[in-house]
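I opened this notebook to record what I looked up in the structure.

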Amino acid sequence: MEFTYEDLTADEYHHRVAVYQPLTAALRELLDAVIRTEVDDATVHSATETISEVTAALRAQQIPGAYGVRHTAEGRGMAWGNAVIGLRNAIAPPLTVVRGSVTDPVVAHADVELGAAYEGPPGHVHGGVVSLLFDQVLGEAASMTGLPSYTGTLTIRYLRPTPLGPLRIEAFTPERDGRKTLARAAMLVDGAVTAEAEGLFISPRGMTPLHPFAGESR
Ligand SMILES: CCCCCCCC(=O)SCCNC(=O)CCNC(=O)[C@H](O)C(C)(C)COP(=O)(O)OP(=O)(O)OC[C@H]1O[C@@H](n2cnc3c(N)ncnc32)[C@H](O)[C@@H]1OP(=O)(O)O
């Protein structure tokens, strides 16, 4: 698993953010609209054709596989295809993980609003999506020293259904032992905990440290 160095100036980086963020936001709106629309069949057929044309236009020039996890010389992360935080991934909620310091009581947190695309039980967040969000926030909390850490184990306790809408995840790392980090997190809605997670995150043998993580994920 290789991280990719992308030789971008800060201006080029911000330019790309300005180009792709609105595209992804528009597609995210489209996902929501497709789930909730009640227009007539002819309008749906016409929309399907229009979407196919847009897809063909974007496919005119493509990279061969997945986006990868890129980073710039300044240490800006560009996990833009990531399923949870990806700036170019409309499936991603998207989550912006805010990292503090490893000595803070809450080392990382994220606020996110989940809509119709994340439904499991009626009006509530799918259990797999709850797990997905926890995995990313815990992983980033564990990786804050700059050594990327991957999920070895992840246990979720679903205390009550999590309603769609705004929610917060708070993570902390009570134990760090060499390449292994124990991380815990809570999911909160209006200050009440709906789910808890605990995982062991492990940095693979021989992994090179990246720029120490601070601030917001991208
Ligand atoms: C950078 C931002 C991070 C974002 C994170 C997003 C979260 C993710 O989705 S990560 C993707 C999902 N996870 C994966 O794909 C991980 C797949 N597994 C692996 O790559 C490897 O098995 C990995 C890295 C976990 C461990 O491999 P390796 O470095 O060879 O471990 P190894 O040297 O055998 O063991 C190291 C220690 O960890 C323990 N260990 C290894 N694997 C596990 C495991 N799955 N569960 C519990 N403990 C384990 C070993 O017992 C050993 O402990 P000790 O040092 O006390 O003897």
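Predicted model: local features only at pLDDT ≥ 70, side-chain atom pairs only at ≥ 80, totals over all residues.

I number residues from 1 along each chain as its sequence is written.

**Domains.** I found the protein divided into domain 1 (1-92) and domain 2 (95-216), with bounds from an automatic or database domain assignment. I read 23 Å between their C-alpha centres. Each domain gives eleven residues to the contact (C-beta atoms, placed from the backbone, within 7 Å). On the domain 1 side, helix H1 (residues 10-36) gives the most, four residues; helices (H or I, at least four residues) and strands (E, at least two) are DSSP runs, numbered from the N terminus. That side divides into seven nonpolar, two polar and two charged residues (nonpolar: Ala, Val, Leu, Ile, Met, Phe, Trp, Tyr, Cys and Pro; charged: Asp, Glu, Lys and Arg; polar: the others, Gly among them).

**Ligand.** I listed 16 residues around the ligand, of which Gly-139, Pro-148, Tyr-150, Gly-152 and Pro-204 come nearest (near: C-beta atom, placed from the backbone, within 6 Å). Helix H3 (127-142), strand E6 (150-158) and strand E9 (192-202) each supply at least two residues of this shell. By class, I recorded five nonpolar, six polar and five charged residues in the shell.

**Val-69.** I located Val-69 in the loop between helix H2 (41-59) and strand E2 (70-71). Not counting residues up to four places away in sequence, Val-69 touches Phe-3, Thr-4 and Ala-79. Val-69 and Ala-79 are ten residues apart in sequence, yet 4.6 Å apart C-alpha to C-alpha.

Definitions and conventions:
Contact = placed C-beta atoms within 7 Å.
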